[in-house]
Amino acid sequence: MMLSRIIRNYNPSDIDLTFLYDNNDWDIIELNYKIDGPALQEWWKQIKIDFNFMKFNFNDNADRIDMAISKEMVDKGLCGYYCGPIDGMTLAWPIERYEPLPPPTQANRSVFPEVNPDTFIDDAKILTRLNFGYFNILLETLGYDSFRQALVTTHHPRMYIRQHIDSKVLKLHIPIETNENALFHFGENKERSYHMQVGRVYILNTGDWHGTSNESDLKRSHIITRVTKNHILDLIGMSNI
């Protein structure tokens, strides 16, 4: 087992863009910023009541993805192989759509002609009907550039994602509901494992090998977003602890 590479209680001046983007010497940064976990859970509870029909999963909504592109991405190790039930609810899209929305890189363009995977991170806007309660406070405090390509992913009990590598577009993870057996694993052979806590905000280095597991009887749900390069240092500089 290799040493932990999670960065906590850091000095913002010690972290620059070169460190973030030009090496894989880190796995996770836990921001010096706490959020109201129970308030976020109340927002998610209401979302599940009012918008449960928007949940997307690959088994029930296969017609909404381009199967050839999806298979190619998995074969090349560019996205994880999902084992067990997982679903996601997209929070940001180029136009107002309230229905199951797929990952934009795998979207069936005949169903979603508004999607351009190359510009999606700039084109997507938070869906207005989902922007209420504590989620609106998160947008205001962390900044709208913290919520590009935002969604909530739910890992059901015993679900896991095999190790894979994404791009170096850094991702923000905000746990909503979790448990101590819901873990992120880094390294090609899962050399390093971490649990993320409700009430904290994390930046993940998904440009290195990573995957997940949820070895519990409970669901694990995170807000996942992509953060623009010109905003990432603003986030790292925030502090309320």
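Buried means under 20% relative accessible area, exposed over 50%, and partly exposed in between, with a 1.4 Å probe and protein chains only. By that scale Asp-217 is exposed, at a relative accessible area of 63%, while buried residues make up 52% of the 241 residues in the chain. This is a predicted model, in which local features need pLDDT of at least 70, side-chain atom pairs count only at pLDDT 80 or more, and totals for chains, interfaces and linings use all residues. Residues are numbered from 1 along each chain as its sequence is written, and side-chain values use heavy atoms, with hydrogens and water left out.

**Overall form**

- The chain has 6 helices and 14 strands; helices (H or I, at least four residues) and strands (E, at least two) are DSSP runs, numbered from the N terminus.
- The radius of gyration of the chain is 17 Å, close to the 18 Å that the globule rule gives for 241 residues, so the chain is as compact as a globular protein of that length. The radius is taken over C-alpha atoms, and the globule rule is 2.2 Å times the number of residues to the power 0.38.
- Along the principal axes, the C-alpha atoms of the chain fill a box of roughly 45 × 40 × 35 Å.
- Of the contacts in the chain with a separation of 6 or more, 81% are between residues 24 or more positions apart; contact means heavy atoms within 4.5 Å.

**The sheet**

- Seven strands form an open sheet of 7 strands with mixed pairing, in the order E1-E2-E12-E9-E14-E7-E4. The edge strands are E1 and E4, each of which pairs on one side only. Two strands pair if DSSP finds at least two bridges between them.
- Strand E7 has 7 of its 8 residues buried, so E7 is largely enclosed by the rest of the structure.
- Strand E4 (residues 86-90) and E7 run antiparallel and are joined by 5 bridges. Across this pairing, Met-89 stands opposite Val-152 in E7, and Asp-87 stands opposite Thr-154 in E7.
- E7 and E14 also run antiparallel, joined by 6 bridges. Here Leu-151 has Ile-224 in E14 as its bridge partner.
- In a regular strand the side chains alternate between the two faces of the sheet.

**Thr-225**

- Thr-225 is found in strand E14 (residues 220-226) and is buried, with a relative accessible area of 1%.
- The side chain of Thr-225 reaches the backbone oxygen of Ser-146 at 2.5 Å. This is a polar contact, a pair of N or O atoms within 3.5 Å; within protein, one must be able to donate a hydrogen and the other to accept it, and residues adjacent in sequence count only if both atoms are side-chain atoms.
- Not counting residues up to four places away in sequence, Thr-225 touches residues including Ser-146, Phe-147, Arg-148, Leu-170 and Leu-172.

**Nonpolar cores**

- A nonpolar core is a set of buried Ala, Val, Leu, Ile, Met, Phe, Trp, Tyr and Cys residues joined through side-chain atoms within 4.5 Å.
- The largest nonpolar core has 50 residues, of which Ile-29, Trp-43, Phe-147, Ile-174 and Ile-223 touch the most other members. Helix H5 (residues 133-142) gives the most to this core, with 5 residues.
- Leaving aside neighbours within four places in sequence, Phe-147 is in contact with residues including Phe-135, Leu-138, Leu-142, Ile-174, Ile-223 and Thr-225.

**Salt bridges**

- The count comes to 12 salt bridges, each a side-chain nitrogen of Lys or Arg within 4 Å of a carboxyl oxygen of Asp or Glu.
- Arg-5 and Asp-27 meet in a salt bridge at 3.3 Å, N to O. The pair links distant parts of the chain, 22 residues apart: Arg-5 is in the segment before strand E1 (6-7), and Asp-27 is in the loop between helix H1 (17-21) and strand E2 (28-34). Asp-27 counts as buried, at 0% relative accessibility.
- Arg-64 forms a salt bridge with Glu-99, with the closest N and O atoms 2.8 Å apart. Arg-64 is buried, with a relative accessible area of 16%.
- Arg-158 forms a salt bridge with Asp-217, with the closest N and O atoms 3.0 Å apart. Arg-158 lies in the loop between strand E7 (148-155) and strand E8 (160-164) and Asp-217 in the loop between strand E13 (210-214) and E14, so the pair ties together parts that are 59 residues apart in sequence. Arg-158 counts as partly exposed, at 42% relative accessibility.
- Salt bridges that share partners join Arg-5, Asp-27, Arg-192 and Asp-208 into one network.
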